[in-house]
Structures are given as C-alpha cells and as structure tokens.
Amino acid sequence: MATLPLSSPGFAPVLGVTCSLSGKAWRWRGGNMELDADSAGGPHGLNHSIIDQLLLTRGVAEDDLARHAQPTMRGFLPDPSTFRDMDTAAERLAHSVMTGERVTIYGDYDVDGATSAALLVELLRQLGLEAGYYIPDRLLEGYGPSGEALVKLAENGSQLIVTVDCGAMAHEALGMARDVGVDVIVVDHHKCSADLPPATALVNPNRLDESDLGAAHGHLAAVGVAFLLGIALVRNLRTKGWFAQRREPDLMGLLDLVALGTVADVAALHGLNRAFVAQGLKVLARRERIGMAALMDASRLTRAPQCSDLGFALGPRINAGGRIGESTLGVRLLTTTDPEEARTIAAQLSQLNEERRAIEGEVQEAAEAQLAGQHNMAVQVIAGHGWHPGVIGIVAGRIKEKTGKPAVVIALDDVQGKGSGRSISGVDLGAAIIAAREAGLLVAGGGHAMAAGLTIDPARLADFAGFLDERLARDVERARAGAAMLLDLALAPGGLTPELVEMMEAAGPYGVGWPAPRIAVGPVRIIKADIVGKDHLRLVASGNDGRSFKAIAFRAAETEMAQTLLHRSQGRRFHLAGRAKIDDWGNRPAAELMLEDAAFAD
C-alpha cells in the first residue's frame, strides 16, 4: 500500500493542513496513526493492523479488540433483568400470551416505531397470540400516545397496550388509560422526567432512576429495547413451562428489524448496537422476511444490504409512509405474509418517498432563505407557514449539516407549530427541549441528545429561540471549536483499492458513534471536474504515482471547495479527504472517494 509517512499522532495537523478549503484543520482521529512497512504488509499491502488501529481509535481497549472485531450477540448482550420494570413487563406480557388476552402494540410513525411494533407483533404471533397494532397519524394525532386513542382501544377490547418508541412523557394519556382500567407497558428510549407516567411498566434505559448497568445502554433505539423485552418474555414463558410442547420463537430472526430501526433512528453504533446491526445484516442478506425482501427489491438492492443501505435506501421508504402517506404502511409491510401485498406496499412506499423528496426540497429552500438573519444564533430556529410537518426533521438535519449548528425547523399553521430538531455532537438538544417545555415555552416536547420534537404556540417562537440560544450557546461554541476533519489514513492514489475498502469495512458496521474511516489521498491533480445531477461535484484525480480515481461530493456544488476544484486553481495540486467506497459499475470493481474536504498540497 502506498502510504504516506504519518509523523505525529494526536493533534498534529495531518499533511500540514491547518485550514482546508472548508476551513477545517485535518487531524488524526487519535492514537499513533503511523503505519510502517511491516504493518502495511501482505499481498496488497494490507493486514489486520489496520483493523486494530480503526478499533483502537474508536475507543476499544487493546485487550477487547477481538470482541469488537467480531461483534456477536453473545459478546454484548446484557441480562434484560438489568433494566428497571423489565421483569414486570415480561410477566404482564406472559400473562397475555398464556390467557389469550387482546393486546395492541401502539407504535410511533417513524422507522424505529414501525420496526419495534413489527418485532413485537411477529414475536407474539410466533408465541400463538395475534396482536393488533395502532400507528397514529402524524398530522392528525401528532407524536406519542393520545389518551383518546388509548381509551378507544380499551373500549374495543384491548386488555393490554404496549407503546413502543413513545410514551415516556405521556402522563396525561396514560392517566386516561389507567382510569378506564387498561394496562399499558411503555417501551421507549427517549429522555424521561423524574416524574414517570402511570404505566404498568416503563422499560427505558434513559429513565433517570435507571441503574448504572441499564443506563449504560441509553444509546439503544426503541427497537433494541423491544428486542430485550422479547428475550425477557421468552425466558419468563420458559420458566412457566410454556414451551414444553411448543417451539420457541426465532429471536435471532428478528434482528433484521432491530438493525433497520437502529440505523434509521441514527442510534450510536457502539456496544450492543454494533452487534445488533452486524448480526441483523446477516439476517437481511437471507431475505426471509417477505416485506423486507420486497422493500429491497423496490430499492433495487440486488446485493446483500450494507449498513448504509439501511439509512439511505430502506429506512427512508418506511419513513415516507409516516411522513406524507399512510402511517400504518411500514408495519403492514414488515408483518405481512402475502408476497403480493408486500410488493404493492413496497411500491407505494417508494412512490411516497419520491414525493417526500420533492416536498423536502421546497421546504429546505424556504428554510435556507432564513439563515442569513440567524448567523449569530447558537441554534438555528426556523419556522414557516404551510410547511409539511412530515419533512421538517429531514430539513433540520440538512440545516445542521450546512451550518454546523443545532437546528430546529417548525411548521406553522393558524393554531400551533410542530417542530423537529437535530443536534451536533456534544450538544444535548433533547434535554434543552424538555427544559423549555418545563419552563412553559412549549405545549409539548421531548427527545434525546441528537434529535427532538416539539409543539409550540407561535406567539412563543422568539422566547423559545432566545431560551435555546442562552442555554446552549456555550455548548455549541465548545463543540464547534473542537470541530476538525478527523482522518484515519493518508494514502497516495495507488493505495486507494477495493482491497483497502474491504479491509476497512471489516471494522464496521459504521454509523453515529462509530464513524466510518476517513482517508486523505494525495497529492493529486484534478484532471476532470463537473457538476452532475442538481448540485453534486464529480471529479477524476491523478497522483504522482500515475494512478487515478473518481471522487464525488454530494450537495456541494455551491461550496468554496467545489468551486475551487472545478477551476483547478491554475493546475495546483490538492489533498482530498473523505470516505472510500467500492464502485461496482463497470467490468471491475474500483475504489472511489466520497469527497468531504480538500486542501492545497503545494
């Protein structure tokens, strides 16, 4: 492998880049990043020292490398009884299974809610109990369980309701359910207040009174918590002799749902979540779930799914149903046993996803027009009338990426505003939203560190924006001051090979909290540059070693980096930085660079 000398670890600038074309310093992710001739050995200049280095720089202890290199359920799964109320919830569900009670799963309308609901419906089905499900309409009912819906489910015969990915802050709604005599189990992962709602059991690693062992799993998505409840339920039924003459359910076969919900909900991919996703991808590759196979077909996925496919191909299609279509489509798809129905729903979700993209583009354009007046604010709070509430979370994420600051986007109507926020690492937006609600600035609100939702009286918008600015300004300043392009490897173009990409993928799966490796490639000259699609920069670069490669920067056409590279700065050489992937179009697979930054090399 043509590896450039990596002279200094830690905070020394990589390749001397102290200010790139995007204004960032390039630094090593951590540890000693130098790769000598021996560690770069092997038939293609590669060996497992690269995997070890990637694991070490993501926080793995040296004596724990083997467990993280092959993340298995056995290696990471905690005892479900560690979590508060888990055994109570399992006991109550076991009673429903053994007595044939009518059970309804009440899920949120996003991917985490849909996969959580589908997981419990499928598990109970394998246990001999046909549970119903209820997914609220985003526009008509909003986030979380409504008291009216819970009461109606009880009146229609439900004796137990299990809320998934919602309910942790639904004090009034759960009080209404208690008053009509229906039991409610809450399975959630969103932040809680000290005052817990009146539930039969509340299983949530982010309870303030959770044990240290349980709280260590606060990064789980709701679907991960639901899976742990499934383990506890099966164990409870086993002790009661329920499986003496029955087959036990296939818990591992549910991990495709856990993987999809975890990645789509942008949960941190460390610890147990890495095992969930690594093993779930294996289940997905078998294509045994009829609805999931139809979804992969609709996404034109002919190879085994990768982690990125869950976040960028499968997840958005499930989300499209809850955002702008029918909220139940995701659960229907993931629980159907009819291949024709699965194909129909998957096609419908793909169409809705295309419509969502168009709506999202219109809202994003209008939202970005407001940014100029907010450059001094620590948190971008942007609101507009007529914006579709189903896309504001996506737009908030785009604004966050564009500005490097937390963003809250609010869709206003004549009565109230529905908002969604996305944060940056080191800034707990969910806690700030809860504090704003407790201060009387919001009608409702909650979330977790990186994402939050809210309902607001439009008259309180200015007060709310000021509250966030005052509360989070120091955190945002600190987080942005430490922002840098963190790199794992530096290579000459000849080192950018499919073998390198495969080696780096072996330290995955990658996502939030477990970032995909970034590499610097150079020095290179730009031999071709143009804009493709609406605003994507496409490059062909060539190095001193005579090797060339392709690179693409998405949604970057108007950036200073793109404009500089398009004009090639009078033939100057560059270092390019980003994530490597395999381009399998054409006769032979080739490695290409997903370009994120660039710097002058001379």
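Asp183 lies in strand β5 (residues 183-187) and Arg92 in helix α4, so the pair ties together parts that are 91 residues apart in sequence. Helices (H or I, at least four residues) and strands (E, at least two) are DSSP runs, numbered from the N terminus. A salt bridge here is a side-chain nitrogen of Lys or Arg within 4 Å of a carboxyl oxygen of Asp or Glu.

This is a predicted model: local features need pLDDT of at least 70, side-chain atom pairs count only at pLDDT 80 or more, and totals for chains, interfaces and linings use all residues. Residues are numbered from 1 along each chain as its sequence is written, and side-chain values use heavy atoms, with hydrogens and water left out.

As for accessibility, buried means under 20% relative accessible area, exposed over 50%, and partly exposed in between (1.4 Å probe, protein chains only). Asp183, at 27%, counts as partly exposed, while Arg92, at 12%, counts as buried.

By the rule given, the count comes to 32 salt bridges. Another of these joins Asp85 to Arg207, with the closest N and O atoms 3.0 Å apart. Asp85 is partly exposed at 26%, and Arg207 is buried at 9%.

Arg343 is partly exposed at 49%, and so is Glu340 at 45%. Finally, salt bridges that share partners join Arg29, Arg58 and Asp488 into one network.
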